[in-house]
Amino acid sequence: MPSPVEELIDPRLGARGVRLLLKRDDLIDPEIPGNKWRKLKYNIQAARRSGHGKILTFGGAYSNHIRATAAAGALFGLRTVGVIRGEEHLPLNPTLSYAVEQGMTLAYLDRGTYRRKMESDVIGALHRRFGDFYLIPEGGSNGLAVRGCAEIPDEITQDFDFICCPCGTGGTLAGIAAGLHGDQEAIGFSVLKGAGWLNDEIRRLQEDAHAAPRGRWHVNLDYHFGGYAKTKPELLSFVEDFEKRHGLRLDRLYTGKMMYGIFDLAGKRTFPPGTTIVAVITGPI
C-alpha cells in the first residue's frame, strides 16, 4: 500500500505562500521503514529469483540499512550477513543487537579495507568466508533500489512543484527524480560534508536503472551540519521545536536536516509564492 500524504500547516511557511506535504514513508513498515523498504524490495525479489539464499551488505555500526536488511531477511526467509565498518565493540549497540536477533551474521572490516569494500579482492575474500551470496551495496543504493524509489511520485495524487528527500548515498534521490513528470523537480539535502561527488553517483545510479539520466534534480550541500552523524545546536533546537509544534519527531541525522533546509530556504524566499513542496519522511522517526 502507498504511504500516506499529510499536509503540514505552519505559519512560517504560510507567510511565504508555501504549501508543504509530508510523504510519510516512515509508516510503510515498523521494522523496514521508508526508503529502506523501497530500496530492498526489488533486490530481495532478484535474490530469490536467482536462487540466492543469502544476502550480504555493508554499513556502519548504527546503519538503518543494516537493521532493515536483517529484518527483511528474517521476514522473507533469507540469511543475511552485515559487514560492519571498523572494529567490533561489545556489548553490541541497539542497532547491531537487533540485527543479530533477526538472524544476521556480523563481520567487521578495518576502515582501510572497508574503503575498498567493492574491490574484487575484498569481495573474493568475503565469498571464501561466507560462500555464495547476493550482494547489496552500502545503503542499499543500486539500479534496483532506484526502481523502487521511482514509484514515490506516482503515489502522490496532489499537484506539487518540488519533492525533497535527505541524501546519503544518492539512491533515493536518483529514484524519485526518475519518477517525476513535467516541470517537477527533486531536491536532495546532503547529510554528508563535501558531497559534490553525489552528482556523478546519482547519474550513475540512474544509468544503471534506466540506461540514461532522468528527471530534474539537484543536491543541496548547505545543510549537512558538519557531516554524517554530526549535528549543531540550531538543528537540535529546530527538531525539538518542530516536535512541539507538529507532534512529529524528526530524525536529527536525516529528515531533520532536510526539514531545516526546507524551512530555511522558504524563509529566504527561495520558493516563489504558490509553491507546493513534498517532503519525503524516509524514516525512522
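Author: Let's start with a term: a nonpolar core is a set of buried Ala, Val, Leu, Ile, Met, Phe, Trp, Tyr and Cys residues joined through side-chain atoms within 4.5 Å. Keep in mind that this is a predicted model.

Reader: OK, which residues have the most contacts inside the largest nonpolar core?

Author: Leu20, Met259 and Ile262, in a core of 28 residues. Helix α11 (255-267) is among the elements that each supply at least two residues, along with β2 (19-23), β7 (162-167), β8 (185-190), α10 and β10 (276-280). The largest share, seven residues, comes from α11.

Reader: What is Met259 in contact with, leaving aside its neighbours within four places in sequence?

Author: Met259 is in contact with Leu20, Leu22, Phe238, Phe242, Leu250, Ala279 and Ile281. Apart from this core lies another, of 24 residues, which includes Val146, Ile152, Cys167 and Leu192.

Reader: How many aromatic pairs does a search of the whole structure find?

Author: Eleven. One of them, Phe58 with Tyr114, has its centres 6.2 Å apart and 80° between the planes. The cut-off for edge-to-face is over 60 degrees, so this pair is edge-to-face. Phe58 lies in strand β3 and Tyr114 in helix α5 (residues 111-115), so the pair ties together parts that are 56 residues apart in sequence. Both Phe58 and Tyr114 are buried.

Reader: What makes Arg85 count as lying over the face of Tyr114?

Author: Arg85 lies at 5.5 Å from the ring centre, and the distance limit is 6 Å, with a limit of 35 degrees from the ring normal as well. Another case is Arg147, whose charged end sits over the ring of Tyr42, 4.3 Å from its centre.

Reader: Why is Leu109 called buried?

Author: Its relative accessibility is 14%, and buried means under 20%, so Leu109 counts as buried. Leu109 is found in strand β5. Not counting residues up to four places away in sequence, Leu109 touches Phe58, Val83, Ile84, Arg85, Gly86, Tyr114 and Val122.

Reader: What makes β5 an edge strand?

Author: Strand β5 (105-109) pairs on one side only, and so does β6 (134-136). They belong to an open sheet of four strands, in the order β5-β4-β3-β6 with parallel pairing. The twist averages 25° from one strand to the next.

Reader: How do you know that strand β3 pairs with strand β4?

Author: Six bridges join β3 (residues 54-59) to β4 (residues 79-85). Pairing takes at least two bridges, so β3 and β4 pair. In β4, Gly82 is the bridge partner of Thr57.

Reader: And what does helix α2 lie across?

Author: Helix α2 (residues 34-49) lies across β3 and β6, running at about 165° to β6.

Conventions. Residues numbered from 1 in each chain as written. Predicted model: local features only at pLDDT ≥ 70, side-chain atom pairs only at ≥ 80, totals over all residues. Heavy atoms only, no water. Axes fitted to C-alpha atoms, helices over the stretch in contact; angles between N-to-C directions. Contact = heavy atoms within 4.5 Å. Phe/Tyr/Trp six-rings, centres within 6.5 Å; stacked < 30°, edge-to-face > 60°. Buried < 20%, exposed > 50% of the residue type's maximum accessible area, 1.4 Å probe, protein only.
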